[in-house]
Amino acid sequence: MSAAAPNASSVWLRRGLVALLVVGLGAGTVTWLRRPQPVAVSAVEVTRGTVEATIANTRAGTVEACQRTRLSTILGGRIERLEVREGDRVRKGQLLMKLWNDDQRAQATLAAAQLDTSRRRIVEACSAAETAEREAERQRGLREQGFISESAEDRALSEARTRRAACQTAQADARAAEARLAATQVEQGRMVLLAPFDGTVAKIVGEVGEYSTPSPPGVPTPPAIDLLDDSCLYVKAPMDEVDAPRLQPGQPVRITIDALPGRTFAGRVRRVAPIVSALEKQARTVDIDVDFDDLKAAGPLRVGYSADVEVVLDVHRDVLRVPAAAIGEGGRVLVIGADGVLAERRVRTGLSNWEQVEVLDGLKAGEQVVSSLEREGVKPGVIARVEPAASGATP
């Protein structure tokens, strides 16, 4: 009996220990289940690099030709000749279009004939004047010798004056005929279109036989021929009026064209408009003209392409920087500690753009900051679980 008692005590001891172990495990499990769960965040490393201060256009810009003119005849009429087609390259002074003007040509022919007649009359009248003047001189000599009377001399002088007046009248008639011929030529010039510069025909409105109408003052009418010089192109882009004080000719620009995705072209601001445009309410803009640094590198471009410009205002190189998404309100960032706990820190920033922000104070290179501040539960004091960076993502 004495040996059985210790065995019973041992059994109860073991049972107690097991019970305590079970209770401890249960309490540990509850504690583990109730612990704060890590919050998934995206993080970036504080690095050194280049930060630029830039501004971009508010609406899409447009590729424009340095020279472009929309031609219309001064007078209306039926199209008689179309010497070009859309897409043709033309030289300065080349005939593009001619309207029917047989009546004007007839008037020009008549004026030319009248001018020829007037010139012949000059020869006739002025020859007669020279003959009469020689005769008057001869009659004066005869009177001085006493062979004729003074009245005979006067008649000869009067005839010479009359003939000379007729000569001068013929010359005046000829000048009038020249003016009439020039006027008919001017009228004919109103019925033709000549290229004012070397260029490309962009558009033609009208066909042979159709009536071409000039644009009355204040009434927009499609031009007969749209001519442009596509050897010189630039970008016109609207910028927000609040950015106007920071815009200056000569500033570097990056140009992107929707029709050429993935490519960026360097350029320079050539002109800043002196006025603010208000095409829409609450949308006041200032137009800038941007030249390409190397137009040939862009390849063949079409006038009218939509384009965006990013004007570089300032550049700081080899500075601490973080993505703009990592900067919260008031210059606050969330730094991921070695234990994974998020700590709030205030930073002093410098240059910034839509992508990067320069950090002047508050962070060190190599530290990790949260770039997904908008996620629920991301706040100081929580434990963070950093998600792996997406393939191809740039920190």
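1. Look at helix α3 first. In α3 (residues 150-189), the buried residues are Ala152, Glu153, Ala156, Ala160, Cys167, Ala170, Ala174, Ala177, Leu181 and Thr184. Buried means under 20% relative accessible area, exposed over 50%, and partly exposed in between (1.4 Å probe, protein chains only). Helices (H or I, at least four residues) and strands (E, at least two) are DSSP runs, numbered from the N terminus.

2. This is a predicted model: local features need pLDDT of at least 70, side-chain atom pairs count only at pLDDT 80 or more, and totals for chains, interfaces and linings use all residues. Residues are numbered from 1 along each chain as its sequence is written, and side-chain values use heavy atoms, with hydrogens and water left out.

3. What do the buried residues of α3 pack against? They pack against α2 (102-144). The buried residues of α2, in turn, pack against α3. Those of α2 include Ala108, Leu115, Ile122, Cys126 and Gln139.

4. Check the helix spans. α3 has 40 residues and reaches 59 Å from first C-alpha to last, close to the expected 58 Å. α2 has 43 residues and reaches 63 Å, close to the expected 63 Å. The expected span is 1.5 Å times one less than the number of residues. After α2 comes Gly146, with a positive phi near 85°.

5. Now the core. The largest nonpolar core has 23 residues. Such a core is a set of buried Ala, Val, Leu, Ile, Met, Phe, Trp, Tyr and Cys residues joined through side-chain atoms within 4.5 Å. Val235, Ile255, Ile257, Ile288, Val309 and Val311 have the most contacts inside it. Strands β4, β11, β12, β13, β15 and β16 each supply at least two of its residues. The largest share, five residues, comes from β11.

6. Contact means heavy atoms within 4.5 Å.

7. Asp318 lies in strand β16. Its phi is near 55°, a positive value in a residue other than glycine. Is Asp318 buried or exposed? Asp318 is exposed, with a relative accessible area of 52%.

8. Finally, confidence. The mean pLDDT (the predictor's confidence in each residue, from 0 to 100) is 85 for the protein chain, and 87% of its residues reach 70 or more. Helix α1 (residues 4-34) is lowest, at a mean of 61, and strand β13 (residues 265-272) is highest, at 95. Over residues 391-395 the pLDDT is below 50. Where pLDDT is low, the predicted coordinates should not be read in detail.
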